[in-house]
Amino acid sequence: MRFRVWPRSLAARTALVLIAGLVVVQIAGLGIHASDRIEVLRLAQARALAIRIAGIYRTVVLTFPENRQTVVDELRHGSDLDVQVSDAPPITDLPRMPPIGQSLWRVNLNLSGVPPPQHWRGVEIFGGPRSRQIVIGLRMPDGEWLNVRAPLGLVRPWHSPAYLAAFLLMTIAAAGLTLWAVRRLTKPVRTLAAAAEALGRDVNSPPLPENGPSEVATAAAAFNTMAARIRRFVQDRTELLTAIGHDLRTPITRLKLRAEFVEDDEQRAKMLADVEELEAMVSATLAFGRDARTTEPVVPLDLAELLRTVLDEAGDAHPDVAAMLHYDGPAHMTVRARPLGLKRAFANLVTNAVNYGGCARVTLQPPSDSGTLVIEVEDEGPGIAPGELDRVFEPFHRGEPSRSRETGGVGLGLPIARNILRAHGGDVTLANRPAGGVKVTVTLPA
Amino acid sequence: MESAICNGDMEPAPHILVVDDDREIRDLLARFLVEKHQMRVTAVRDAREARRAFANGHYHLVVLDLMLPGESGIDLARWLRGQSDIPIVMLTAMGEETDRIIGLELGADDYVSKPFNPRELLARIRAVLRRAGDTVERRSEANNRNMRFAGWTLEPARRRLLNPDGAEVALTGGEYDLLVALVDRANRVLTRDMLLDLLRGRQAGPFDRAIDVAISRLRRKLEDDGRNAQLIKTVRGGGYVLAATVERA
């Protein structure tokens, strides 16, 4: 797997942006703090050094010229300062200090407590922090020069390790808090996604709680309104179908009665066949409308026997394919389900196999470790075009027109079967068999 | 042909009371039963008229639509049961199982769901009339009570069979009718002709083979070994008998 720098999830992205920002701010803060501290340390360094140098100057000035060399030797002993008395300003390869730096040293020398009568007659300053040393030449009242060479120690802004540790700890804590807060803040987005997913599966899934931050509450309310509209729409359609189905029963009954008075046997048979087809459509429509709010109680039933009965009935209805219907599985298996609903679901699947595939093999597998029953309904027909596979479960979708003519369905067989099986906590999927034909896989909780 | 079997020892023309709110269906059904099948029919449109007709005439059977305007068909069925043992065939709405179960529990004898096939309705009417005329079999108030035999339970009100573990075993309409007939007349021989008559209107195809097929499926469902059947025995000379004690509860 490739490591992705830009994560996929909103929470991770937000956290990444926030933490990156935090790190930048921390680094900048640290930088500002360090440069500030360096400045202060340099100032302190300059001041301390200036006081020392002024002290040396005073000592040397107050000494008789003939004794000065001895005093200087004495001062140099055991010190990091190189003090010399000369009749000329210092000779060094260090560059002259720039005026801004010089004024700092001059101010410090002036403040160092040397009395005014001995005010500085001449000051030459070379070097600076960059060259890590400084050379200062001070002209004494009698024209001799006191030249001092002093090292400038490296200024360390991070002298304390605890400081860095605290800083790191603070950053980590802030990052942790950021992660937590971001996860919390993006939770409504995940909830919304889950709710949308649930709505897709079941239009009657519970509404979202409309609380939390105002944007989230607004989104939840909008989502609930949308769900209610969809529910209303589905309900309207279902009620419409049911109403049409109910209203059609009377004219169909009349037609069936009238057909009995047709003297021509052939015409009567054809008429009755037409009416049967019409009735089958109404029956499917009603079943589709009803399944959405099934009220049939769940009872223990013998699933194996139910499957065999479905095959028997399919064989009775199509005697020409009766020999092509097979059941494979245990002789009995008790499950808890809705008998009429489940029978209709499997009858629809077997009828499809018979109508499109000319045969049906139903296989019942005993429950697996996960507690799921698998029932397969296979045929050896032409199969389903790959593009159609995901559309066959759409209500009123009917394969190719040439096929639906002879089967006369309304395209509700699979949607009804799926509604029923899902209401049982199971599902149904369709796939083409490698050997040709369709394999319908039904799962049911054992 | 078949009318000879059904109406042989009954009065020549059974009188049917049809209760349905659709005038056309009433008229067509009356014509169908009267002209084609030599029955007498009185057709009324609602419960009020049905009561009046029932009080003023003698009927052998009521065909009752459960979806009536005003007083419901269920209420009328309850009232009829309170008055007499008259056989009732209900017309139920497709898919309205609750109505059907309530009706059967009230003591209606049979049902067809609307839109019904007239011939199936006719077959039901004849089967119910024949049972009602069969004085030995005519149950008093024992209508539609559950029947237990050899561990199995048959629930007529719900038209279902429960195995000894209490799990429902699916039956086709024909298998159910056949099993009820066998259990109703347990330990007595049912001729193939009687069974054939039961299946008519329920099933398409050649009936005589249908009997054998239905019996073999019933044996499979009752876990009765076909070669050495103990529960549904084949009687030499063409007939079947259910060999079991039946308890009604």
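Numbering. I count residues from 1 along each chain as its sequence is written, with chains lettered from A and ligands numbered from 1 in the order in which they are written. The model is predicted, so local features need pLDDT of at least 70 and side-chain atom pairs pLDDT 80 or more, while totals for chains, interfaces and linings use all residues.

Chain contact. I find 30 residues of chain A in contact with 28 residues of chain B (C-beta atoms, placed from the backbone, within 7 Å). On the chain A side, α5(A) gives the most, with eight residues. That side holds 11 nonpolar, five polar and 14 charged residues (nonpolar: Ala, Val, Leu, Ile, Met, Phe, Trp, Tyr, Cys and Pro; charged: Asp, Glu, Lys and Arg; polar: the others, Gly among them). Helices here are DSSP runs of H or I of at least four residues, and strands are runs of E of at least two, numbered from the N terminus.

Helix pair. The residues where α8(A) meets α10(A) include A:Leu342 and A:Leu349 on α8(A), and A:Ile416 and A:Ile420 on α10(A). I note eight nonpolar, five polar and one charged residue in this contact.

Loops. The peptide bond from B:Lys114 to B:Pro115 is cis, with omega near 5 degrees; B:Pro115 lies in the loop between β5 and α6 of chain B. B:Gln38, not a glycine, has a positive phi of about 50 degrees. B:Gln38 is exposed, with 12 other C-beta atoms within 10 Å (exposed is 12 or fewer, buried 20 or more, partly exposed in between). B:Asn187 has a positive phi near 65 degrees and also counts as exposed.

Definitions and conventions: Two residues are in contact if their C-beta atoms, placed from the backbone, lie within 7 Å.
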